[in-house]
Amino acid sequence: MAYAIVHHFPSGTQEQYENTISAVHPDGGDSLPSGQTFHFAGPTEDGGWVVVAIQEDKAAWEKFRDETLAPGLQNASGALEGTPTETGFEVHNQQQA
């Protein structure tokens, strides 16, 4: 079952987000990681940054988190900082126009 993960970085910026994506997504940020089917992000009203991804399943999320995202955040220059608020859930319904 598809798994959604939502991260809110209260002090995140577009520049930090772009640096992060360049470091943790394939092709310098031009492609989605293995197991990820959808990705979007943007600024929030409180001045932070939110990132939402849909993974094939929770195992795909955990593999990406543990093997790519966590190490990438530690090593990426100018990446999103701090511990985000995280919400994860199994996707019950997914529709697209």
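I began with exposure: I call a residue buried under 20% relative accessible area, exposed over 50% and partly exposed in between, using a 1.4 Å probe and protein chains only. This is a predicted model, so I kept in mind that local features need pLDDT of at least 70, that side-chain atom pairs count only at pLDDT 80 or more, and that totals for chains, interfaces and linings use all residues. My numbering runs from 1 along each chain as its sequence is written, and side-chain values use heavy atoms, with hydrogens and water left out.

**Entry: charges**

I looked for salt bridges (a side-chain nitrogen of Lys or Arg within 4 Å of a carboxyl oxygen of Asp or Glu) and found one in the structure. Arginine 65 makes it with aspartate 66, and their closest N and O atoms are 2.8 Å apart. Aspartate 66 is partly exposed at 48% relative accessible area, and arginine 65 is partly exposed too, at 28%.

Next I checked glutamate 67, which sits in helix α3 (residues 58-75); helices are DSSP runs of H or I with at least four residues, strands are runs of E with at least two, and both are numbered from the N terminus. Glutamate 67 is exposed, with a relative accessible area of 56%. I also took its C-alpha distance to threonine 83, 16 residues apart along the chain, and got 17 Å.

**Entry: aromatic rings**

My rule pairs rings of Phe, Tyr and Trp (its six-membered ring) if their centres lie within 6.5 Å; planes under 30 degrees apart are stacked, over 60 edge-to-face, and the rest tilted. I count three aromatic pairs this way. One of them joins tyrosine 17 and tryptophan 49, tilted, at 5.6 Å centre to centre with 35 degrees between the planes. Tyrosine 17 belongs to helix α1 (residues 14-24) and tryptophan 49 to strand β3 (residues 49-55), so this pair ties together parts 32 residues apart in sequence. Both tyrosine 17 and tryptophan 49 are buried.

Phenylalanine 38 and phenylalanine 40 form an edge-to-face pair, 5.3 Å centre to centre and 65 degrees between the planes. Phenylalanine 38 is partly exposed at 30% relative accessibility, and phenylalanine 40 is partly exposed at 42%.

**Entry: histidine 25**

Is histidine 25 buried or exposed? I find it buried, at 7% relative accessibility. Leaving out residues up to four places away in sequence, I list its contacts (heavy atoms within 4.5 Å) as Ser31, Leu32, Pro33, Gln36, His39 and Phe64. A polar atom of the histidine 25 side chain lies 3.4 Å from the backbone oxygen of serine 31.

Key
A polar contact is a pair of N or O atoms within 3.5 Å; within protein, one must be able to donate a hydrogen and the other to accept it, and residues adjacent in sequence count only if both atoms are side-chain atoms.
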